[in-house]
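Here's a quick look at how the aromatic rings get along with each other and with nearby charges.

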Amino acid sequence: MKLFYASGSPNARIVRVVLRETGLDRRVPEEEVTLRDPNSALLAYNPGGKVPALQLDDGTVLNESLLVLCFLDTQHDGRRLLPMDGSDGWKTMADTGRAYAFLDAVTAWNRELRFGLKAPGVIALEAERANRAADGFETALGNGRYHGPIDAAQIVLGAALENIARRHKVWDWRTDRPRLSAFLDEIARRPSFTATVQPELEL
């Protein structure tokens with residue numbers, strides 16, 4: 001297997017963290033590729049040009065971080081990061097979905113600022129969605145969610161928050177959200193996170 005990634009992509013980072021949390025990083029080499037580049041080495045494997053892209057041993061290429069995460073979770077012998085059998089009452093799956101929706105909101109907001117027409121309506125909509133989600137996480141953390149042994153939900157939420165902290169600095173999300181702020185500070189110290197730090201972006 002081989003993982004294609006871009007260092008600035010939070011979705012690729014999620015998969016890179018999963019590799020390290022499961023020990024699969026010893027079996028899966030990683031190749032950094034360029035994005036939005038007609039000469040990118042990635043295009044020979046994934047014409048859509050998106051990362052993460054995981055090439056399996058038979059040549060099959062899996063795209064989209066959640067799908068890659070689910071596949072990798074079947075390739076190790078440890079505790080499942082995302083139980084797919086409902087054994088936890090579907091809580092991890094529900095929490096993971098909320099974290100992905102949060103990441104999507106901030107990604108859309110960030111993309112509009114960087115590459116779009118900076119449409120006020122789009123920015124306002126995504127900012128409202130992100131703030132609403134962040135308030136929900138603050139409450140959820142107070143109710144005991146996103147705690148315990150590391151799982152997919154914590155990985156996705158941690159990757160989303162650190163992506164914001166390093167690459168979406170226009171948003172002061174920490175104010176009045178001490179639990180969410182502490183969550184990031186703690187998970188960012190994990191070796192899987194320190195080994196996959198995204199480059200900073202001033203925006």
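## Charges over rings

In this predicted model, Arg-16 puts its charged end over the ring of Tyr-5, 3.9 Å from the ring centre. To count as sitting over a ring, NZ of Lys or CZ of Arg has to be within 6 Å of the ring centre and within 35 degrees of the ring normal. Arg-36 does likewise with Phe-115, its charged end being 4.7 Å from the centre of that ring.

## Ring pairs

There are 5 aromatic pairs here (rings of Phe, Tyr and Trp, the last by its six-membered ring, with centres within 6.5 Å; planes under 30 degrees apart are stacked, over 60 edge-to-face, the rest tilted). Phe-102 and Trp-171 make an edge-to-face one, at 6.1 Å centre to centre and 65 degrees between the planes. Phe-102 belongs to helix α3 and Trp-171 to the loop between α5 and α6, so this pair ties together parts 69 residues apart in sequence. Helices are DSSP runs of H or I, at least four residues, numbered from the N terminus.

Phe-102 is buried at 1% relative accessible area, and Trp-171 is buried too, at 8% (buried means under 20%, with a 1.4 Å probe and protein chains only). Trp-171 also pairs with Trp-109: the centres are 5.5 Å apart and the planes at 45 degrees, so that pair is tilted.

## The cluster

Ring pairs join Phe-102, Trp-109, Phe-137, Tyr-146 and Trp-171 into a cluster.

Residues are numbered from 1 along each chain as its sequence is written. Local features need pLDDT of at least 70, side-chain atom pairs count only at pLDDT 80 or more, totals for chains, interfaces and linings use all residues, and side-chain values use heavy atoms, leaving out hydrogens and water.

Methods
Helices (H or I, at least four residues) and strands (E, at least two) are DSSP runs, numbered from the N terminus. Buried means under 20% relative accessible area, exposed over 50%, partly exposed in between (1.4 Å probe, protein chains only).
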